[in-house]
Amino acid sequence: MISRILKKPLTVVITFTILVGLGIFCGKNLALDMFPETSYPMVMVQTCYGNSDPEEVERNVTRPLESAFSGLSGLKHIVSTSSTGYSQIQLSFSTSTNLDTASNDIRDKIDGVRSTLPDTATSPTTMRLDASLIPLMTLVMKGDHSPAELYEYADEIVSPFFEQIDGVASAEISGGEEKCIRVSVIQDRLEAYGLTMAQVIQALNSQNLSSSAGIIQAGDTNYTIAADGAFSSLEDIRDTVITYLKPSVSTSKESVAVLVRDIADVTETSKDVTSISYLDGVPCVQFKIQKQSGKNSVAAAHALRSALPKILAQLPDDIQIVEISNSTDQIEATVKEVISSVVTGALLAVVVLFLFLRNIKSTIIIGLSIPVSIIITLVFMYFRGTSLNLISLSGLLLGVGMLVDNSIVVLENIYTHSAQGKSPLQASIDGAGEMVMPVISSTLTSVCIFVPMLAFGSILGYMGEAFLDLGFSISIALICSLFTSIILVPVLAAYYLKVNPKAKDELPAEKHISLGEKLNASYERAVRWVLHHKLVSFAALIVLFFISMASLPSRGFILFPANAENQVKVTMTLPKGTPITETEEEIQELERLAKESISGISYTNYTVGGTTAASSNEGSLLITLENADADKAKDILRTFFPQFAGAEFEFEATSIGLNSASSASGGFELEIHCNNLETLSATSEKLVSLIKAECSDIVNEVTSDISNGQPEVKIRLDREAVRTLGLNIQNIATELRAAVSGIEAGTFSVDGNDTDILVTLSSEDKTKVRDLDRLFVTNNSGLKIPLSAVAHYEEVTAPASIERKDQTRMTSVIAVPKNGVPLTTVQKRINALIEENFVQDESLSFETAGDFSDMIEMGKGFVIVIVMAMILVFAVMASQFESLKDPFIIYFTIPLSFIGVALIYFLVGQPLSMMSILGVLMLVGVIVNNGIVLVDAANSLRRKGLSLEEACIEAAKSRLRPIMMSTLTTIISLVPMALFPSEGAAMIQPINLTVLGGLGFGTVMTLSIMPAVYYVFNKGKKGK
């Protein structure tokens, strides 16, 4: 086959040129992203239930739905949150579950229980979780306008425009003031006319209608008949008739119309403020941009930025739209940094090759393997739909040094035949032909490492899908390098980059200088010493191995390394019930302190409140820094926290991470399970206090999901009185809701812009709870019954929300470790506190969750994948050697490499992570190649009649140079990312660090110890 290929050199060159050109085209059109598009095996079910309190939502909505979902196939956990008027249920499935089928099953379950849900509850909606839920960017709009005007521009012009941009799913608005037509009912007048709030709402709804009456044909023309009864002015609203009063005998015989203006003030104003947003102390409106599922983040961000001038052209000149945060700049910068590391690593590998080969033509031939293999790999990535992301690029980065291994072996064998006097063509045919099977076997040992991950990625949890890109990119690159070495390299050596075989000083196999001879002589003495002192050498290595393994736990473990950030986002939570104005004052004070103490601030942005009034006690401050020094800024902010009595603080991640979906906390999370809310709250408070007191040296913020409770007035209805007086509880609830928070009674349209009409009691008539006593409710006989006749009030503290997991109430306590403190250290200390201070039984239990739980689950999956990979590698080597003993000998290189892994982590002082374990997986496939080369050479020499000891020594000497060459090219290519990682690529540094340390030390040990291991296993046996 090789001879036929070499007879058509032009065809080979043209084919590779076309593939390279296609690869360049595909590479330019590959999407950029931080991580692969990942679909998390989670489905969210959301239901709204009026203004019901959390316990009522739990009882009437959450629990019935949980019971229905409990039998779903593949379901792992049910986690629910019941808050005021809202139920959210998160269903987590095993990664092997088909989510399309699961979603259909969920909808079927909802249909089955829909009739048992309250009539006032909305129909439950489902939503699958994916990476698109992470905000694409955050923009703010500011200008010399009132908050109401800013909101109007945002709602009517900017947000709809954003949502039309390709790749943008939604633009959620916060801040500003939403306009409304407020019908402020005056209690005294309402009472004087004997009316109810429900009557006012019904009158406005019934007299604000536009409808079609059908079509009338008059001659040859059809006329559409439409009745336009919609309000066209505020006067129309004021003149709306609510009811007619019967005339008294002494006054008039005509009925008297009671109009809206008689009992209420109608004004164009704003709804109650639930959220406030400021940029550098100036009121603004904030847009949170979500990208469409399946769309590329960078492309969507570029499209949005390009559209900004068009949007601004529709707005007043003084309005500005400022981008305060985005994920795409980080994506582009990180991808460019990793690509730069790939290029740098490739150039360093070529330099190493030249130092060994001392021949420009040889270096060019072998060096071409790197760019050719990588560029052709881009073609496969393009047609697979793989983006250029941190994971796929890390596969190419790790493979850079390995891509030349096959070409080195083939070219050296070609030169060996050239030195025998053969023509370049014949030397290429014979040299390449002899190496086809060896290089295929060598490539298979590296590629098969990733087969278990590609085939059984689901056992790695939610990140198995993301790691597929790494296995795919490096596997394809290695296969491309295989074909490059056995097709392109022989053609170049035979026709285009010929090397004169008579020029002995240029042959790769020659010893150029005395330094090389000295190195060989020293190495030979070292091997002989080890062979004559095997017991001492083995004992020293065993001791070193166990010391290294024992030192690893002290390094600690984390889930994933965190990238450097140039933004700090801190959330302040005040006691429940705190007015939004007071929360704003507190967050303003924190902003002031931050500006005075933190240097290099670009701008600050704070928001207060949320979508409902229940969030009035929450505020967040976003600080954007000129440099990525977020940790220092966080430490400064922590010094101010004690100044805010009763406030709790929590830092939120502002950069994209692999654990964004599983746990946003980035800390150690512990779940407390107990169905008694009082016990749950007391246990949570006690544990938080203990952690703060006993673990302050290793953790920063300690927070709990359960809060002190929302101040609430319970209106207790006398059901007997309600029944006797002919009242309806739903009517009572409607009257209360209208009086307190207001009820929308249609819309008021002007020039196509709709404004809600909000009916509520005037603010003067609801300053205290007892004002509600003056409300009336109409019974089934039309009589007006005062609310005080059927109800009394109790002031209680209601839970702000109720969390449940697997149908048991629970809360989470999160402890954020200090910088450099691993999760395992925090876990041990907190577990010890629990053992000493709490008694666990059936009614109270503790369970680890979040990052630590994910780390344990993913670690178990990696162990399985690594074991399966080692079995596959063993099978490939056994088939290559037709022996079970030789692969076993080679496997001794694996534990030797672990010593190097432990050593390098000790030197750099970093904790281990899931990326470290991924590096171990790759190391297994790389390190055995050196052992294969050594054992194969020793077997060959023994077949030629050499004694066992001489075969071991000569094999080691003859393979010293190629092993050093291939190892150094790999190691040098890893150095930029392993030891000098860029700010955005800290996530993948542990992979490079692990391979660097393991391969470096493992190679040294392979060259020195492997001959002795081979000697022990073959002692007393004759060469085959």
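**Strands and helices in a predicted model**

Trainee: How many bridges join strand E20 to E29?
Mentor: Strand E20 covers residues 668–673, and it runs antiparallel to E29. This is a predicted model, in which local features need pLDDT of at least 70, side-chain atom pairs count only at pLDDT 80 or more, and totals for chains, interfaces and linings use all residues. Residues are numbered from 1 along each chain as its sequence is written, and side-chain values use heavy atoms, without hydrogens and water. The bridges joining E20 to E29 number six.

Trainee: Which residue of E29 stands opposite Glu-669?
Mentor: Strands (E, at least two residues) and helices (H or I, at least four) are DSSP runs numbered from the N terminus, and two strands pair if DSSP finds at least two bridges between them. In E29, the residue opposite Glu-669 is Ile-814.

Trainee: Over how many bridges do strand E21 and E29 pair?
Mentor: E21 takes in residues 699–704, and its pairing with E29 is antiparallel. Val-702 stands opposite Ala-815 in E29. The bridges between E21 and E29 number four.

Trainee: In the hairpin of E28 and E29, which residue takes a positive phi?
Mentor: Strand E28 (residues 801–805) runs antiparallel to E29, joined by three bridges, and Glu-803 stands opposite Met-810. Two residues lie between the strands of this hairpin. The one with a positive phi, near 50 degrees, is Asp-806.

Trainee: What is the count of buried residues in strand E8?
Mentor: E8 (residues 209–218) is hardly covered. Among its 10 residues, the count of buried ones is zero.

Trainee: Why does Ala-213 count as exposed?
Mentor: Ala-213 has its place in strand E8. Leaving aside neighbours within four places in sequence, Ala-213 is in contact (heavy atoms within 4.5 Å) with Ile-225 and Ala-226. Ala-213 counts as exposed because its relative accessibility is 62%.

Trainee: Which residue takes a positive phi in the hairpin of E8 and E9?
Mentor: E8 and strand E9 (residues 221–229) run antiparallel, joined by nine bridges. Ile-216 stands opposite Tyr-223 in E9. Between the strands are two residues, and the positive phi near 70 degrees belongs to Gly-219.

Trainee: What angle do helices H2 and H13 make where they pack?
Mentor: Axes are lines fitted to C-alpha atoms, for helices over the stretch in contact, and angles between N-to-C directions run from 0 to 180 degrees. H2 holds residues 9–29 and H13 residues 369–384, with their axes 7 Å apart. The packing angle is about 60 degrees.

Trainee: What word describes how H2 and H13 lie to each other?
Mentor: Under 35 degrees counts as roughly parallel, over 145 as roughly antiparallel, 65 to 115 as roughly perpendicular and the rest as oblique. H2 and H13 pack at about 60 degrees. The two helices are therefore oblique.

Trainee: How many residues in the contact of H2 with H13 are nonpolar?
Mentor: The contact includes Phe-16, Leu-19 and Gly-23 of H2, and Val-372, Ile-375 and Tyr-382 of H13. Ala, Val, Leu, Ile, Met, Phe, Trp, Tyr, Cys and Pro count as nonpolar, Asp, Glu, Lys and Arg as charged, and the others, Gly among them, as polar. This contact has three polar residues and no charged ones. The nonpolar residues number 12.

Trainee: How far apart are the axes of H15 and H18?
Mentor: Helix H15 (residues 405–418) and helix H18 (residues 464–496) pack at about 30 degrees. Their contact includes Val-410 and Leu-411 of H15 and Leu-482 and Val-489 of H18. By class, the residues divide into seven nonpolar, four polar and no charged. The axes are apart by 9 Å.

Key: Buried < 20%, exposed > 50% of the residue type's maximum accessible area, 1.4 Å probe, protein only.
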